[in-house]
Amino acid sequence: MNELLALALAFPLVLGALFIVLAASTRAALFGFFAFGLFLALAWVELEAIDVALTEAAIGGGATGLLLLRLNARMRRTVSLGQPAGPQLRIVAGLLAVLVTLVLGALLLALPDPAPSLAAATVEPLPTLGISNPITAVLIAYRALDTLLEIAVLLIAVVGIRVMGAERGWAGRPVPWPAAEPSPALVFLARLLVPAGLVFAVYLFWVGADAPGGKFQASTLVAALWLLAIMAGLAPAPRTGGGWTGIALAVGPLAFIAAGAIGLAATGSFLAWPEPVAKPMIVVVELALAASVVVALVMLVAGPPEPEAGR
Amino acid sequence: MSATILGLTGALLVGIGLFGLIVHPTALRKLLAFNLVGAGVFLIFGVVARRAAAAGLPGDPVPQAIVITGIVVAFAATALAATLLARLSEPGEQP
Amino acid sequence: MTRLLIAASFALPLALAAAALWPAMRGRLLALLPVAPLPALAAAILAPGGSLVLTPDPLRLTLALDTPGAMLLGASALLWCAAGAYAASYLATSPRRTAFAVWWLLTMAGSLGLCLVADMTSFYLFFTVASLAAYGLVAHEATPTAQRASLVYMALALLGEAFLLLAFVMMAIGVPGGGNPSIAQAVAGVATSPFRDTILALLVLGFGLKMGLVPLHVWMPLAHPVAPMPASAVLSGIVVKAGVIGLIRFLPFGAPLGGWGEALIILGLFTAFYAVAIGLTQPHPKVVLAYSTVSQMGVVAAIAGAGLVSDSNATPVLVAFYALHHMLVKGALFLGVGVIAAAGGPSARPVFVVMAALALALAGLPFTSGALAKYAVKDLFGNGIAALAATLSATGSTLLMLHFLRRLSRLSASDIEVRPPAGLLLPFLATAAASFLVACLLLPSTGTPYAAVFAPEALWKASWPMLLGAALALALRRSALRMPSIPEGDLIVLAARLVPAIRRLADAADRMDETLRSWPVAGALLLLLLLGLGAAMQLSAGFHPVGG
Amino acid sequence: MTVSLLPVWAVLAPVIGLCALLLLEGRLRPEWVAAPFIAIGLYLSISIAYEVISHEASLVYALGGWLPPLGLTLRADGVGAVLLALTALVMVGVSICAWAPADGAGGRGRSGFWALLLALWSALNLAFIAQDLFNFFVALEMLSFSAVALVALDGSRDALTAALRYLLFALAGSVLYLLGVGMIYGRYAVLDLAGLREIAQADPVTLAALALMTVGLMAKAALFPLHLWLPPAHASAPAPASAVLSALVVKAPFLIILRLWVDLLPLSAATAPPQILAGLGSVAILLFSILALRQQRLKLMIAYSTLAQIGYLFLMFPLMPGPAPWLDIGWTGGILQLVSHGIAKAAMFLAAGLIYEALGHDRVSELAGLARRQPMTLVAFAIAGLSLMGLPPSGGFIAKLLLLTAAVEAGAWWIAIVVLAGGILAAFYVFRALGSALAEGTPAVAPVALYRQGAVLALALCALALGFVPLRPFALLAIGRPLEAMEALP
């Protein structure tokens, strides 16, 4: 039964991938990518990784797809990196890719059984943290440094996107999009979805400590809703350059580091969560992180600022 | 068994994506291909996690958490590349 | 005090070179050139036998001044001093005089320091400084000829350094404790080193390149003549001696070396005669002098080889003494060419007489430094065929020098009223005088009594090869044999044929890079590398499937 | 080993600086916001180096008290401490050179530059002291993103294209690396280097994972033939950024490869894989030195020189034959090559930047008159060149000597010949630029502040000073090896 389901997911995934790579039209490939994202999220459900499925659906499929579609709409000409590969090179590359795939498949089959696992180790300290979702524990406690620096990666990307904008547009707003008046249907949809979505996002955030869900999933949802509102003309794109966006971006990492320092003072270990207040502290830090993530995601999709005069 | 099928799917996605990354001349298609490879790699992580199910958990949370981090990082990369592409496609602007 | 002098020998020129960063000093630098070598001169006179450890273990930068080192240090300091004074006058109006002075000072620091160092790293350091800074002297005129010459010089100098570096590394490996051994320690291990023959071959190649042993001499007839006159003097007089010092310091005299001594004699004497033959075909006096340097360095190499064969402890001093003689005489000759060129008719005549004496000194003319040098080294060669060949090299030198004098006589200024400026004349005369006086003063340190040199028998032994040379020169002139026209640097012509091939190679590298930088190729290579490296790793580890 | 928080702050202090820049944007000059964090970074790096040297032990910290394999540790061992110090030195030099508070130009470039510089610093520190394979990945992504943004800083079409190529190729490298990490986790459920060292076996999965990670990192280190992105990227970035990119950024992936091969699964030097790496390095040295010689622009020449110098680093793999590679002379030689190239290349790129500012171009054939107008910059360039050529006295010379010694001892004659040939070719391209700058000429020269020239010269002199380290394996570089797993809570 499960095998059938897995096969039912594997086929569209592989076919979708082939379509994305081989389709002649870029636009078609992009729509293929959307569909692919959907199946990918289902595959994660099949792997019983609901947290990942949520993230994949929101970011991997949703935000990435949105970003690329918008990009395709904005692009006025294709950007090539050199000449297309000749037929011989295509064949060679194809053969090499097939070889890599085969070897990879063989290696996956050679993985040890029973598989080594840290699952038990991640569960054991959960009570001291006051949360029961081990994935959240990995992200916020055991591998907290990774998570903290991952937010730093987002900030770097935001700064990177800003510096890529035109010099004169520094500290402006990103281009509105679509440039034309939003359709009434879109406006209606946005008015309907935004409040409902926000409620769901709050729920996701809250249960993240104990059930699938968490700050990333909630943040992405909020970010997606915000983008929808921008698209519908209900909200302006955030301004870059100082102001509250700067505060929102910085608050996540700073709160995390501050919590780390509190942990140091209370337990002698940097980034440790002192037992009695672990859960409230984690919630506060996650809230701060969520603020940073939401603003960063919106800015990443919205793109670099444009000169105000140009609008 | 279902994990193995999805693991092999991951390997196929990696292969297909790498092929696209190499042969497509346009940057946007390369970016799509990169996301395919990424999806394949994450899927393999997911399979590794699923195979390591223990202690009453349906999968090992560590690789799952790694995938969540990885997805966000890949998104940031895509956004960076998209911005570069958008700027490069602007006609004739030579600052 | 002596330690301070030893250190100042190279520190003062370096400090003066660094002073060029300060705009106020730049204008005065040229005038200060004669002052820079004075500490070295003082050190050579006052401090032989002194040694100074600059840094303790494990760096072990060490300076030491032994007799051969002091000889060469003192003589080079003298020539640097005289040529510096000459340069101050010769280049007073050159627009590039500051740059010239900086290169000059750096070359000086390197060549003086080379006489003093006792550890491997410092030797390589000063050797490099001397040979690379001399590039600036060769390239000074910035003409196409100078550019070509400096390029060839640079390429071969770097090649020489690479040979030496490899040789030094191999020598140091044998020394217990590793790190930076003293030269003496490293040399002691050569004879028993597993790399013995490679080391010796690399040493001969490296130092031979600097000395211009055939066929590594091709840069010298290009580089020495294109430099400004005083620079030619120090290049031919002093900088080539870096190779001689190298032989003195690095050849394991007194150890059995099966065949290497003989090989060096053959190489040296072949160079000596070959350079004479080519030199005779050259029209320009400076080029003839450069070939003469090649020939004389061949003789020096043969002396070193003879020392290896005869196992004589005196070899380093004898080689140094011969080199000292050549250094001052060749320096004076180059300076003199400039004096002659600046002198018209009558005023050129006395200069010409001095030049003739100096030129024939190279062939061993009695009562000159040449006779002393040749007499001092003659016992090393024993009585065999090598001795005869060494003696006959004087015949060759006579031939070449007579040719040089004929060519020189056509060089004097066309305006007979012109008199050579004192700034050129005095340094020239001082060097010429020093060549004789210094050689006389230092003769006892080679273990040769004065009386023996001036005995009639010795005079005859010195004279007959020269008379033979003179007779040959006369015969050559009478025979009206047309000399073939051979370009400067002779064998370099063969190398020049490689230039298009090298250019094609570089173009191919360009195209290859272009291909590699195309995305699909690089991407395919990425996968290929992945599979290849993976396969290699599996194979080298042996194939162990995951067990249990 | 000694437990210390210093490594943690070395990673986090620049991140706090990045946040401060975002918070204070538009209120304070970015230089002034960044300056205290640069000072703190310098202090932290020096303290770490001091602690490591004085205790002759690594500084280790387990974050949150969670021990591996569940938790993450940071470990500043001997090599890590040296590279932290190198990073700080280059960063300070670059900061002084890029410091221009009098200049009224604000906005994008300036603010972005300082933010990215700090981000880069954090990423480098993390890459040099992290102990966890996925932590390395995060460091590499921070590194790539900030480096790509720095390349694009100039905003010209060339720069943006170069940045895009760089980004896409670096991403290809990243996914391969990450795939390797996944295989390792599937095989051992451990990502900590010290933990892996105890249990890793040379089975197909492990070796394939190692190959995946190595090749992915090679793409990021721009080893031949995976170099397509580097020359345009390093030539298009603003000079201070190029200095950091060439001097430090490509070194991080290399160091991770080194850690994988020496700490995780020591591969016998006699086998084929180390020879393959050294072979690719050799081709890089020869090919890119020739290409450097043919470049018309100074910055491109220096970029190709970087490609060649990266080749030298990979020569060290077959030159560590001992059972404890970190005691071999090849190890010291390779690390010293890394450090001395870092300093020298930073000085050279900064000098090239000042030359560009002064002349308004960087065409190698039109530098005449520079010696007179900007002697200090040119001397800095020359000294840095000395180190690249491997001539004494310079760190490059000592490194070359150690590598040569190791090559001769190992009987690897081809490596010895390549090292020597690379030195000769380097001399040619350096002298070509110097010769052009020494020619007579009276170019129109824009003034360049003296303190900036001084900073470049000071960096170059550091490369020179490295020429006075002793010629033997350094005990410092062996501190913290072999890796030991952390056993108990502090």
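This briefing walks through a predicted model, chain by chain and then where chains meet. In this predicted model, local features need pLDDT of at least 70 and side-chain atom pairs count only at pLDDT 80 or more, while totals for chains, interfaces and linings use all residues. Residues are numbered from 1 along each chain as its sequence is written, and chains are lettered from A and ligands numbered from 1 in the order in which they are written. The model scores ipTM 0.94 and pTM 0.93.

**Confidence**

- Chain D has an average pLDDT of 91, and 97% of its residues score at least 70. Here pLDDT is the predictor's confidence in each residue, from 0 to 100.
- Where pLDDT is low, the predicted coordinates should not be read in detail.

**Chain D as a whole**

- Chain D contains 19 helices and three strands. Helices (H or I, at least four residues) and strands (E, at least two) are DSSP runs, numbered from the N terminus.
- Taken along the principal axes, the C-alpha atoms of chain D fill a box of roughly 65 × 55 × 40 Å.
- Of the 490 residues in chain D, 73% are buried. A residue is buried if 20 or more other C-beta atoms lie within 10 Å of its own, exposed if 12 or fewer, and partly exposed in between, with C-beta atoms placed from the backbone.
- Among contacts in chain D between residues at least 6 apart in sequence, 82% join residues at least 24 apart. Two residues are in contact if their C-beta atoms, placed from the backbone, lie within 7 Å.

**A helix to look at in chain D**

- Helix α16(D) covers residues 375-389, and its 15 residues reach 20 Å from first C-alpha to last, close to the 21 Å expected at 1.5 Å a residue. The expected span is 1.5 Å times one less than the number of residues.
- Most of α16(D) is covered, with 13 of its 15 residues buried.

- Most residues other than glycine have a negative phi, and most peptide bonds are trans.
- The peptide bond from F224(D) to P225(D) is cis, with omega near 0°. P225(D) sits in the loop between α8 (204-221) and α9 (230-236) of chain D.
- Another cis peptide bond runs from R481(D) to P482(D), with omega near -5°. P482(D) is in the segment after α19 (450-465) of chain D.
- A189(D) has a positive phi, near 55°, although this residue is not glycine. A189(D) lies in the loop between α6 and α7 (193-199) of chain D, and it counts as buried because it has 23 C-beta neighbours inside 10 Å.
- A55(B) also has a positive phi, near 55°, and is placed in the loop between α2 (27-51) and α3 (61-89) of chain B. A55(B) is partly exposed because 16 other C-beta atoms lie within 10 Å.

**Chain C**

- Chain C has 24 helices and two strands.
- With 548 residues, a compact globule would have a radius of gyration near 24 Å, and the 25 Å of chain C agrees.
- Along its principal axes, the C-alpha trace of chain C spans about 100 × 55 × 50 Å.
- In chain C, 58% of the 548 residues are buried.

**Where chains meet**

- Chain A has 86 residues in contact with 72 residues of chain B. Among the helices of chain A on this side, α3(A) gives the most, with 13 residues.
- By class, the side of chain A that touches chain B has 55 nonpolar, 18 polar and 13 charged residues. Ala, Val, Leu, Ile, Met, Phe, Trp, Tyr, Cys and Pro count as nonpolar, Asp, Glu, Lys and Arg as charged, and the others, Gly among them, as polar.
- Chain D has 23 residues in contact with 27 residues of chain B. On chain D, α5 (133-152) and α6 (157-188) each supply at least two residues of that side, and α6(D) brings the largest share, 15 residues.
- The side of chain D that touches chain B divides into 16 nonpolar, five polar and two charged residues.

Terms used
Rg over C-alpha atoms; globule rule 2.2 N^0.38 Å.
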